[in-house]
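Hi there,

Here is the structure I promised to pass on.

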Amino acid sequence: MAGEDSWEDVLRSMLGEEGARRAIEAMREAGMDPSALGEAAGLPADPAVFQQMLAQMQQMIQSSGDGPVNWELAHDVARQQVHSAGDPQPSAGQDARVRQQLQAADLWLDAVTDLVGPTERRGGLSRAQWVKEALPTFQLLAEPVAESVVRAVSDLLTQQMGEMQGQLEQFGDDLPEELKALGGVAGLGGLGGGQAVDMLKRIGGATYGMQLGSAVASLAREAFGLTDLGIPLTESVGVALVPANVDEFADGLEIPSEEVSQFLAVREVAHARLYAASPWLREYVIGLVTSYAREISIDVAAMEEAFREIDPTNPEQIKEALGSGIFAPAVSESQKQTLENLETTLAVIEGWVEHVTAEATRGLIPNAVALGEMVRRRRASGGPAEGTFHTLVGLELRPRRLRDASNLWATLTRELGTAERDRFWAHPDMLPTSAELDDPSSLTSGRSMVTDFDDALEALLRGEEGGGDESPTT
């Protein structure tokens, strides 16, 4: 009797007192106990679990936005998860320390590069603040693939909901209106075809938003600053560190924590200088990511397999299915080219940052070489959070040729000097290619003729005496 009373409470919460009473009477007249409908529809037998499930579904549906993904929900999930895992707000002392280290980093980098960084300083960030700063960029990165994922999810859920609707129909055409309403609330009936599809798209978009929020929360617990993925996660190209994450990384290392945080501060400022001096670079990298993502296809067979055993009204099971690998392994020729360009670009970015950081910290941070190797391995191998991001976007943001790129920038510094080296960031067409990573000498010899020709042409156009008589040299 207790179980029956609990189910009556569930019905009252959805249908109201009078509607619940009539529904219960109709079920008893049909010879069913109050839990028969739930059993037929495959719903949880525990009324408390059922209520929780309905609350989740209703929240997702009601809070859904206009786009394919519920980004507001993604933000809420990310903030909630970082808070529940522990998110200490940087103290005044920590913030002052970060600002001092960023200022020192600027002074050290002045000696090894002419690129000028942003004057804006943000100091220390909490993990929740990092989420707020970074999520809009993740939205840009994920939006192209999100629409196709949500469409595929809603199609599968529509199919499974149809099967569950068939179970409801076993009660016959005389199913009372109250029970039809109950099916509608549960997402099993009582809705027109268009309404049902719209509801399922909203559920899919909300679920993807929850997944992305979880991935961003994981990254927020690992990120040192705003440039860990090789691209600045804010349009303002500010500089900041997350003291809680820096301290966790330093804990257990046989290196003083001050050295660790100062080294990471130099890397953060180096990234910021590069992007501030090359305003086209951020959009260029994001463009490569989104171009690749637009062509990602969904492995329908893999998705069907992942969704076969789940309860389509259970958001947690949908999240697990989305994380099980749903992207088709095959890529198009244009994707291969885009991926090569992206990997090369990320490598030359990280290689430049690694090189100038090593130059700037030499003799100033005793363990700079060891720290550089640690960061290189961490960046090259990725981590659990980056793996989660890969399952959602279908792309790894790793500089696979980091060592080659670092060697290339060292060669350019030695042969051309810092000013000429940094001229390669003036335009995307100037960036080193994959072939030039293989053979840095080909870059210096092949590009010198182009540079000399450009200088001579510029002099000729300015009308300088002798400008037209000089021949390009090799």
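Is Asp422 buried, partly exposed or exposed? Asp422 is buried, with a relative accessible area of 7%; here buried means under 20% relative accessible area, exposed means over 50%, and partly exposed lies in between, using a 1.4 Å probe and protein chains only. Asp422 sits in helix 18 (residues 418–422). Leaving aside residues up to four places away in sequence, Asp422 touches Thr113, Asp114, Leu115 and Trp352, where contact means heavy atoms within 4.5 Å.

A word on the source: this is a predicted model, in which local features need pLDDT of at least 70 and side-chain atom pairs count only at pLDDT 80 or more, while totals for chains, interfaces and linings use all residues. Residues are numbered from 1 along each chain as its sequence is written, and side-chain values use heavy atoms, with hydrogens and water left out. Helices are DSSP runs of H or I with at least four residues, numbered from the N terminus.

Now to helix 10 (residues 257–277). Of its 21 residues, 17 are buried, so helix 10 is largely enclosed by the rest of the structure.

Helix 10 packs with helix 5 (residues 92–110) at an angle of about 60°, their axes being 8 Å apart. Axes are lines fitted to C-alpha atoms over the stretch in contact, and angles run from 0 to 180 degrees between N-to-C directions. That angle makes helix 5 oblique to helix 10; the oblique class is what remains after under 35 degrees (roughly parallel), over 145 (roughly antiparallel) and 65 to 115 (roughly perpendicular). The contact residues include Arg97, Trp108 and Asp110 of helix 5 and Glu258, Val266 and Arg273 of helix 10. By class, the residues of this contact divide into nine nonpolar, three polar and five charged. Ala, Val, Leu, Ile, Met, Phe, Trp, Tyr, Cys and Pro count as nonpolar, Asp, Glu, Lys and Arg as charged, and the others, Gly among them, as polar.

Helix 10 also packs with helix 15 (residues 368–381), at an angle of about 65° and with the axes 11 Å apart. Among the residues making that contact are Phe263 and Arg267 of helix 10 and Leu371 and Val375 of helix 15. Six nonpolar, one polar and two charged residues take part.

Finally, Gly93 belongs to helix 5 and is partly exposed, with a relative accessible area of 48%. Its C-alpha atom is separated by 9.9 Å from that of Gly124, 31 residues apart along the chain.

Best wishes

Notes. Helix = DSSP H or I, 4+ residues; strand = E, 2+ residues; numbered from the N terminus.
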